[in-house]
Amino acid sequence: MTKALVCKACKKEIKDKDELVTANHYLQVIPLHHDCFDKDDRGVMATLFSNHRLNGWTGYCSFIIMVIIGFVLFFTIDHFIRYIPLCFIILEIYYRIISYFKYERYFTNHISNNHHV
Ligand SMILES: [Zn+2]
């Protein structure tokens, strides 16, 4: 049995894929309710640049934009600082993988299991 996904903000179970928001927080990926993320976003976490949404449409868009900008910077800057955007890309890919395998896949498995029954 997979254990229930619990929202880091309100400590209640996240029951639906549409409710799930994954965000990065100090090198960790945390699951939140959509509503809790919105509330959080206006609060303390919003002041931290590192905290942003990972899953869903906005997550994919910012991921793609970040990767493109990162690679453009990497290939245009002729200096050792070109590795900084590269580190950001690696970090973003790492977050996405964790987000997918830890949380998003949880619901994907549930849906595919239901189809077999
Ligand atoms: Zn919550």
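This report describes the fold of one predicted protein model.

## Basis of the model

Residues are numbered from 1 along each chain as its sequence is written. The model is predicted, so local features need pLDDT of at least 70, side-chain atom pairs count only at pLDDT 80 or more, and totals for chains, interfaces and linings use all residues.

## Overall layout

The protein has 3 helices and 2 strands. Along the sequence they follow the pattern β-β-α-α-α. Helices (H or I, at least four residues) and strands (E, at least two) are DSSP runs, numbered from the N terminus.

Of the 117 residues, 22% are buried. Buried means that 20 or more other C-beta atoms lie within 10 Å of a residue's own; exposed means 12 or fewer, and partly exposed lies in between, with C-beta atoms placed from the backbone. Among contacts with a separation of 6 or more, 53% join residues 24 or more positions apart. Two residues are in contact if their C-beta atoms, placed from the backbone, lie within 7 Å.

## The strand pair

β1 and β2 run antiparallel and are joined by 6 bridges. Strands pair if DSSP finds at least two bridges between them. The two form a hairpin with 2 residues between them. Y26 sits in the turn and has a positive phi of about 50°. Across the pair, T22 stands opposite P31 in β2, and N24 stands opposite V29 in β2.

Both strands are well covered. β1 is largely enclosed by the rest of the structure, because 5 of its 6 residues are buried. In β2, 5 of the 6 residues are buried.

## The nonpolar core

The largest nonpolar core holds 13 residues. Such a core is a set of buried Ala, Val, Leu, Ile, Met, Phe, Trp, Tyr and Cys residues joined through C-beta atoms within 7 Å. L20, V21, A23 and L32 touch the most other members. The elements giving two or more residues to this core are β1 (20-25), β2 (28-33) and α3 (83-116).

## F107 in helix α3

F107 is found in helix α3. Is F107 buried, exposed or partly exposed? F107 is partly exposed, because 17 other C-beta atoms lie within 10 Å.

F107 touches K17 and L20, leaving aside residues up to four places away in sequence. F107 and K15 are 92 residues apart in sequence, but 8.8 Å apart in space, C-alpha to C-alpha.

## K11 before the strands

K11 lies in the segment before β1. Its phi is near 65°, a positive value in a residue other than glycine. Most residues other than glycine have a negative phi. K11 is exposed, because 8 other C-beta atoms lie within 10 Å.

## Annotated regions

The unreviewed UniProt entry lists residues 57-77 and 83-101 under "transmembrane region". UniProt positions are given in the numbering used here, feature names are shortened, and annotations may be inferred rather than shown by experiment.

In the model, residues 57-77 are 95% helix and 0% strand. The end C-alpha atoms of that span lie 30 Å apart. Residues 83-101 are 100% helix and 0% strand. Here the end C-alpha atoms are 27 Å apart.
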